[in-house]
Amino acid sequence: MKKLIGRSSKKIRNKERLTEQTTLKKNEPLSADLNENIERITTLMGDSIDLHIQRFQSGNGVELALIYMEGMVDQHILTHSITSALMDLKMIEVPDDIKAVDYFTESVLSTSKTMRLNKWNDTVSVLLSGDAVILIQGSDQGIGCYCKGGKTRDITEPSSELVVRGPKDSFTESLRTNTSLIRQRIRNPALRIKSMHIGEVTKTEINILYLDGIAKESLIKELKDRLSKIKIDGVLESGYLEEFIQDQTFTPFPQVMNTERPDVVTGNLLEGRIAVLVEGTPFGLILPVSFFQFFTSPEDYYLRADIATFLRLLRIFVFFVSLLAPSLYIAITTFHQEMIPTVLLLGLAAQQEGVPFPAFVEAMIMEITFEILREAGIRMPRAIGQAISIVGAVILGEAAVQAGLVSPVMVIVVALTAISSFATPRFNIAISARLIRFVLMISAATFGFYGITIVLIMMIAHLSSLRSLGIPYLTSVAPFNASDQKDTFIRFPLWSMMTRPHETSQKSALERNSADE
């Protein structure tokens with residue numbers, strides 16, 4: 001028994017020693033011993049295969065080490081700006097009257113960006129971010145050399161927000177590429193890009209973008225406070241952040257807009273909103289947002305005002321079609337047959353004669369079947385997914401009618417509902433309609449038009465109670481603002497929209513000049 005206890009205590013001590021070696025204390029300084037630093041980094045990284053350490057020596061015996069993670073650096077920058085300069089050191093003597101760190105930074109390295117490293121936390125962070133680190137014997141300071149690189153995806157056309165007219169570029173998984181796409185559009189020093197890292201394990205870089213003097217300081221502070229309170233192991237996609245920074249969790253309506261289009265982010269920044277970009281995902285976040293923003297398309301601002309207005313009103317109409325079509329059919333055929341013209345009513349009665357289920361069960365069968373087909377089409381390989389979903393819907397619909405499970409009119413209603421849901425420009429608001437549709441179908445089958453009315457009243461009341469970063473979700477309508485109506489339901493000509501949204505931005509220069517006059 002004593003031997004077992006001794007072995008257990010020895011294992012615990014070894015585990016504690018290993019934990020001490022592989023963790024970093026806050027503000028722990030670098031050592032002046034080069035070998036000790038290299039051993040510490042090797043232990044911290046678990047002797048990882050992608051950790052590359054290369055030693056160099058000057059003509060008068062000054063030793064140093066170049067450390068980087070293979071696959072995360074730009075080999076061109078590393079070779080031509082750092083490695084080639086260090087290989088020539090054997091022909092150079094480092095002066096004794098100047099610090100080695102200063103000499104290498106100012107006279108040897110030709111890289112465009114360097115930083116001094118004093119703490120272990122900073123050194124490891126720079127290394128894991130894709131930069132190179134130089135450590136020098138006898139110096140408790142290191143040099144961080146910018147050479148981020150690695151394989152990244154090229155800029156391509158957006159896959160989820162297609163437009164006929166407009167820019168064809170989209171965000172990628174590279175954060176610096178994404179911020180450069182915004183810089184190319186907003187060539188103004190007022191554009192602020194603030195960085196922070198979230199994730200106890202992944203240390204994912206997050207960038208907050210806003211226009212100084214346009215975005216409200218209270219909104220910027222609120223967003224930073226919410227992001228700083230996030231405690232999570234890792235952030236793999238911007239959707240992780242969305243759940244933490246939204247005002248209310250238990251609601252089907254999105255309170256944060258996501259987009260992969262740089263022009264959409266730019267337009268919202270100009271209106272005083274704030275964008276959040278995350279390393280490793282092409283989808284950025286925009287907030288605060290209103291309910292009516294989810295029915296706008298970037299193409300609205302590239303077309304004439306009358307065409308853009310028509311298309312926007314059409315999108316709002318098809319949203320309500322996708323929301324209400326099945327429930328209205330159920331309510332009319334079950335409780336309010338007197339509203340149907342006699343000839344049409346006789347035709348519907350003839351179709352229902354061979355169907356053993358009521359309208360509600362028919363609608364549920366078809367809706368659930370279509371949801372399964374939709375999900376299957378997304379998960380299938382791209383080459384066959386679209387064909388299988390379309391053919392499956394046609395074959396199943398025809399087979400269900402011939403088998404007497406559903407009526408032909410119900411197939412038409414469900415098909416119209418599905419097409420309408422695809423016409424909604426934002427995927428997340430279309431999902432909201434899909435969820436609420438089932439609640440409306442149940443209420444219509446139970447109480448008819450009365451049930452539909454009650455659910456719609458509850459939905460509007462719920463929308464009125466929602467906030468996005470503290471801003472009312474139905475802003476510009478509730479609370480009502482007359483100047484914001486120029487870009488809510490209809491889109492006025494661009495030359496007439498001279499004011500920014502009231503709730504999200506400060507006064508523009510044009511507004512201030514008008515007030516002064």
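A residue is called buried when its relative accessible area is under 20%. By that cut-off Leu469 is buried, because its relative accessible area is 3%. This report applies the term to a predicted model.

**The chain as a whole**

The chain holds 17 helices and twelve strands. Of its 517 residues, 44% are buried. Among contacts with a separation of 6 or more, 66% are between residues 24 or more positions apart. The accessible surface of the chain is about 27300 Å², and carbon and sulfur atoms account for 60% of it.

**The nonpolar cores**

The largest nonpolar core has 57 residues, and those touching the most other members are Ile182, Phe253, Leu269, Phe291, Leu323 and Leu463. Helix H10, which spans residues 305–334, supplies the largest share of this core, namely nine residues. Apart from this core lies another one of 24 residues, including Val108, Ala132, Ile134 and Ile136. Leu463, one of the residues named for the largest core, touches Phe253, Phe291, Tyr473 and Leu474 when residues up to four places away in sequence are not counted.

**Helix H9 and its cover**

Which residues of H9 are buried? They are Pro262, Asp263, Val264, Val265, Thr266, Asn268 and Leu269. Helix H9 covers residues 262–270, and seven of its nine residues are buried, so the helix is mostly covered. The cover over these buried residues includes helix H6 (175–185) together with the strands E6 (191–198), E7 (204–211), E8 (257–259), E9 (274–278) and E10 (284–287). Just after H9, Gly272 has a positive phi of about 95°.

**Backbone features**

Most residues other than glycine have a negative phi, and most peptide bonds are trans. Two residues other than glycine with a positive phi may be described here. Asp47 has a phi near 55° and is placed in the loop between helix H2 (34–44) and strand E1 (51–57). Leu469 has a positive phi of about 55° and lies in the loop between strand E11 (467–468) and E12. Asp47 counts as exposed because its relative accessibility is 60%, whereas Leu469 is buried, with a relative accessible area of 3%.

Cis peptide bonds also occur in the chain. The bond from Leu287 to Pro288 is cis, with omega near 0°, and Pro288 is found in the loop between E10 and H10. A further cis bond joins Ala478 and Pro479, with omega about 5°; Pro479 lies in the loop between E12 and H17.

**The loop between E12 and H17**

Ile490 is found in the loop between strand E12 (471–472) and helix H17 (509–516). Together with Leu313, Val477, Phe489 and Phe492, Ile490 makes a nonpolar surface patch of about 360 Å². Met498 is placed in the loop between E12 and H17 as well. The C-alpha atoms of Met498 and Lys486 are separated by 9.8 Å, and these residues are twelve positions apart along the chain.

| Residue | Relative accessibility | Class |
|---|---|---|
| Ile490 | 34% | partly exposed |
| Met498 | 43% | partly exposed |
| Asp47 | 60% | exposed |

**Cysteines**

A disulfide is a covalent bond between the sulfur atoms of two cysteines. How many disulfides does the chain have? The count comes to zero. Cys145 is in no disulfide, because its nearest cysteine sulfur, that of Cys147, is 6.9 Å away, while a disulfide requires sulfur atoms within 2.5 Å. Cys145 counts as buried at 0% relative accessibility, and Cys147 is buried with a relative accessible area of 0%.

Conventions
Residues numbered from 1 in each chain as written. Predicted model: local features only at pLDDT ≥ 70, side-chain atom pairs only at ≥ 80, totals over all residues. Heavy atoms only, no water. Core = buried A, V, L, I, M, F, W, Y, C linked by side-chain atoms within 4.5 Å. Buried < 20%, exposed > 50% of the residue type's maximum accessible area, 1.4 Å probe, protein only. Helix = DSSP H or I, 4+ residues; strand = E, 2+ residues; numbered from the N terminus. Contact = heavy atoms within 4.5 Å. Patch = residues over 30% accessible without salt bridge, like charges linked within 9 Å, V, L, I, M, F, W, Y side chains within 5 Å. Areas by Shrake-Rupley, 256 points an atom, 1.4 Å probe, with all protein chains shown as cover. Salt bridge = Lys/Arg side-chain N within 4 Å of Asp/Glu carboxyl O.
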